[in-house]
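Open the model in your viewer and keep the selection tool at hand. We will take one stop at a time.

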Amino acid sequence: MEALEYRITDEWNEAQWSAAEQIYEQAFPLEGKKSRDIVHRMFEKRMCQLHTIAQGKEIFGMALTGIDQRAGALLIDYIAVRKELRGKGYGRLLLDRIKNWARTVANCKGIIVEVESEPTEENSRRIHFWETNEFRLTAYVHQYIWVTEPYQAMYFNLEESNRLPDDGKLLFRSIIQFHEKAYRRSNGDRKNK
């Protein structure tokens, strides 16, 4: 059996994104994901990282993250494992690698993720995944104006002595800034359209 390979890049790589995109498309519905063009622009803006985990040449897990330097937080925008491999510990394995990278390379004090908070079985499973990986759910419920689902922030402290705030409203400042920057076109884009 070949060893697992974990990779991180903050540069657009067409072949690597195409392989990760298959997992991304499978895991997130049309209205729940960013388009390829937006993801490409995120790399051009140097605001994200693509994390992949593979065995041999086959990528079976991916995550898209960003760093809020002011908050000292890594934001997980998307994380997914191939559908047929879910429930086998690969999501936890990828998340553990991301935690280690955030602590040792990115020098973050914690990790933030947003979760849909409507009381559905699927949302409960997602929240349970994060809770079993030591993330804490905040009480604040955020309602975006462009999507109907309410969201809550979850967080994980990488070091107990240097913690993220446990206030969901404060954590959503980082999340909202990340999304606004991702969707914002550069001045050159506006002039050319």
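**First stop: a buried histidine**

Select His51 and Thr65: their side chains make a polar contact at 2.8 Å. Keep in mind that this is a predicted model.

Is His51 buried or exposed? Its relative accessibility is 0%, so His51 counts as buried. Show what surrounds it. Beyond the neighbours within four places in sequence, the contacts of His51 include Arg7, Ile8, Gly61, Met62 and Ala63. Leu94, Ile98 and Trp101 are also among them.

**Next: the sheet**

Colour the strand that holds His51: this is β2, residues 49-55. Then widen the view to the open sheet of 7 strands. Trace the order β1-β2-β3-β4-β5-β7-β6, with mixed pairing. Go to the edges, where β1 (4-9) and β6 (136-143) stand. Each has a single partner strand, so one side of each is left without a neighbour in the sheet.

Select residues 110-116 and 150-157, which are β5 and β7. The two run antiparallel, joined by 7 bridges. Pick Gly110 and look across to β7: Asn157 stands opposite.

Last, select helix α4, residues 121-132. What does α4 touch in the sheet? Helix α4 packs on the sheet against β4 (73-81), β5, β6 and β7. The direction of α4 makes about 170° with that of β5.

How values were computed: Residues numbered from 1 in each chain as written. Predicted model: local features only at pLDDT ≥ 70, side-chain atom pairs only at ≥ 80, totals over all residues. Heavy atoms only, no water. Pairing = 2+ DSSP bridges. Helix = DSSP H or I, 4+ residues; strand = E, 2+ residues; numbered from the N terminus. Contact = heavy atoms within 4.5 Å. Axes fitted to C-alpha atoms, helices over the stretch in contact; angles between N-to-C directions. Buried < 20%, exposed > 50% of the residue type's maximum accessible area, 1.4 Å probe, protein only. Polar contact = N/O pair within 3.5 Å; in protein donor to acceptor, adjacent residues only side chain to side chain.
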